[in-house]
Amino acid sequence: MDKVLEAKNINKHFLKPKDFHVLKNISFAIKKGEFASIMGKSGSGKSTLLYILSTMDTEYTGELYLNEKLVTGRLPSELSRIRNEHIGFVFQFHYLLSEFSVLENVMLPAKKLARKTNQEIEFDAIQKLKMLGIENLAKQKASRISGGEKQRVAIARALINNPSILMGDEPTGNLDSYNSDNVFNIFKRLKEEEGLSLLVVTHDEDFAKRTDYIIEMEDGRIIS
Amino acid sequence: MINWRVILNIAKTHLLTKMKSTATASLGVTFGIGAYITMVSFMTGLNNMLDSLILNQTPHIHLYNEIEPTVNQPISLFEGFENSVYMISSIKPKQGQKKIHNALPILNYLKKKDNVKGATPQVRAQIFYLSGAIDLGGTLIGVDIMEETRLSNMRDYIVDGTPEALKSTDNGILLGSGLASKMSLSVGERVQISTVKGGIFPLKIVGIYQSGIADIDNVQSFCNLKTVQQILGEAQNYVTDINIKLNAIEDAPAMAKILEKQFDVTATDINEANAQFETGTNIRNLITYAVSITLLIVAGFGIYNILNMLIYEKMKDIAILKATGFSGRDVQFIFMSQAMIIGIVGGILGLILGFVLSVIIDGVPFETEALPTITTYPVNFSVGYYVIGIVFALLSTFIAGWLPSNKARRIDPVKIIRGT
């Protein structure tokens, strides 16, 4: 099977306040259609790893491949383009642009990509919202909807450009168990119906256990 | 790769949701530009008026004979004293030198030259105005009145009567307004004058002349050239001054030098005569620009401040934009375009404000004895200042927007996202 994401010997140091080796020789791969989770205690380096994998953090050594192409060492503008096209991101805090409507929030990454006309993008966005059961919120201001709804909007936004992989940094960390379940089921469905690859950092053991496999981290190493 | 539609849409949304800050920032620019336009229009209007007050009455080149002693005194010409030191006490100026030699041929020569707009002969005479037992010292100038009105705006300064009336009246006089009020005389009445040599001549007042400069109006009057020559008992070739107007004022200094050598007369050009005037104009312009630039810098700081605060508020938005694929450059353009929109809107409103204020000032009555032709405050509506104004506005907002937006460009999304 194709490797969507592959990390080879990734090392990272925090230099401030003093030299600290956060990630030690991390190597692993995620294949197409896999749903992986990263678990570990606070400070084990799991979020740091995720931000390196997402191409936002570029201060590391080692090699990172996305769709079997090397992304390490690319220009920041190229990385922006890669994020825009291939990576969907869902955060713990929902991070919608509060002045824009739900629909505009979802459409924004696609408008940036500018591959489709505005009508096509709007159609896609409504499709995504429908899939997540929140198409009735399309015209609402992003600041006016509940936390669970915001997270679903964020997922819709992450999916708008049909990315190769969806990454989540504690996407359920701020939600109650009902909404957590809901988000998990959405992820599961995306994997099964659309063949999407997913990589989720989480604290939530129940959540992690239901994924295809768990990458467990401790002190900057993968232990299982 | 830059998708301006999306960027401008985000900028627009930011500006509209922060209407109050946007309005404050734009008003800063508006007042800065408005004040600049108003000040510069008013100041240059005044400058032009004052310039023309002096310059229109001053010929571009003035030819006359300077009263001076002969450089080569007779003793220095005598070979017998060649190697001696000599001392002469009580040197007198040369005789008979008020008159310009060969004035009429010079005039003809000048009138034929291509770059000369016109040359007029004048005869200056020291006279007394007789009013009962009192005699007032003064100057009488004989002029070719129709040529004078063609070449200068003399007609504007004849507040009563017409130049044509002088031309058609041989013994007519255009009396200085200060003299007229001193002697309680008006148009149609007669005034007696006497020359230094003693003859008394009655002249008919055909007009009142008011230059706006009291020192001139209190002593100076105009007659026909022929009349003054007769009063002085001189021939028709007696001309003391020649005034020259050129087609291009810039030629004056060079031309003055040539004429001085060619005809052995003294020639002063307009720049020499009005050097101090230029200085005044330059300093007034300097003040105008200093004040305007200060205002714009203040407005620039306002924009800088507001954008800075906006960027702090929007940290999370910036992080999310970057995480979803907007580059640092895109983010910078979002905030730069906000600054430029503020600059364009504020600048255009400022031009309108400046124009409206200028129109209001232009309508304010301004009447003064000194300036008979002026009825309202002079304002210069030159398009150039409006162009400078808008360029100023764009430049200052560009700089004010550049610094904060550059900071937004460099924001590390990871830090923002992890920090919460």
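This is a predicted model: local features need pLDDT of at least 70, side-chain atom pairs count only at pLDDT 80 or more; totals for chains, interfaces and linings use all residues.
An unreviewed UniProt entry annotates residues 21–43, 286–312, 333–361 and 381–403 of chain B as "transmembrane region". Of these spans, residues 21–43 of chain B are 100% helix and 0% strand, with their end C-alpha atoms 33 Å apart. Residues 381–403 of chain B are 91% helix and 0% strand, and here the distance between the end C-alpha atoms is 35 Å.

Two helix pairs of chain B were examined. In general, the packing of two helices is described by the angle between their axes and the distance between the axes. Helix α2 (residues 19–55) of chain B and helix α16 (residues 383–410) of chain B have axes that come within 10 Å and cross at roughly 150°. An angle over 145 degrees counts as roughly antiparallel, and α2(B) is therefore roughly antiparallel to α16(B). The crossing of α2(B) with α16(B) is right-handed. On the α2(B) side, the contact involves B:V29, B:I33, B:Y36, B:I37, B:V40 and B:S41, which meet B:Y385, B:Y386, B:G389, B:F392, B:A393 and B:T397 of α16(B). Nine nonpolar and three polar residues make up this contact between α2(B) and α16(B), with no charged residues.

In the second pair, the axes of helix α1 (residues 4–17) of chain B and helix α15 (residues 328–363) of chain B come within 9 Å and cross at roughly 55°. The two helices, α1(B) and α15(B), are therefore oblique to each other. A right-handed crossing is again found where α1(B) passes α15(B). Helix α1(B) contributes B:I7, B:L8, B:I10, B:A11, B:H14 and B:L15 to the contact, while α15(B) contributes B:D330, B:F333, B:I334, B:S337, B:Q338 and B:I341. Classification of the residues in the contact of α1(B) with α15(B) gives eight nonpolar, three polar and one charged.

Within chain A, helix α5 (residues 147–159) and helix α6 (residues 177–194) have axes that come within 10 Å and cross at roughly 15°. Since angles under 35 degrees count as roughly parallel, α5(A) and α6(A) are therefore roughly parallel to each other. The helices α5(A) and α6(A) form a right-handed crossing. Residues A:G148, A:Q151 and A:I155 of α5(A) meet A:N179, A:N182, A:V183 and A:I186 of α6(A). The contact of α5(A) with α6(A) consists of three nonpolar and four polar residues and has no charged residues.

Between the chains, 23 residues of chain A are in contact with 19 residues of chain B. At least two residues of the side of chain A that touches chain B are supplied by each of α1 (46–53), α2 (76–86) and α3 (102–113) of chain A. The most is given by α2(A), with six residues. By class, the side of chain A that touches chain B has 12 nonpolar, four polar and seven charged residues.

Conventions. Residues are numbered from 1 along each chain as its sequence is written. Chains are lettered from A and ligands numbered from 1 in the order in which they are written. Axes are lines fitted to C-alpha atoms, for helices over the stretch in contact, and angles run from 0 to 180 degrees between N-to-C directions. Helices (H or I, at least four residues) and strands (E, at least two) are DSSP runs, numbered from the N terminus. Angles under 35 degrees count as roughly parallel, over 145 as roughly antiparallel, 65 to 115 as roughly perpendicular and the rest as oblique. A crossing is left-handed if the near helix is turned anticlockwise from the far one by less than a right angle, and right-handed if clockwise. Two residues are in contact if their C-beta atoms, placed from the backbone, lie within 7 Å. Ala, Val, Leu, Ile, Met, Phe, Trp, Tyr, Cys and Pro count as nonpolar, Asp, Glu, Lys and Arg as charged, and the others, Gly among them, as polar. UniProt positions are given in the numbering used here, feature names are shortened, and annotations may be inferred rather than shown by experiment.
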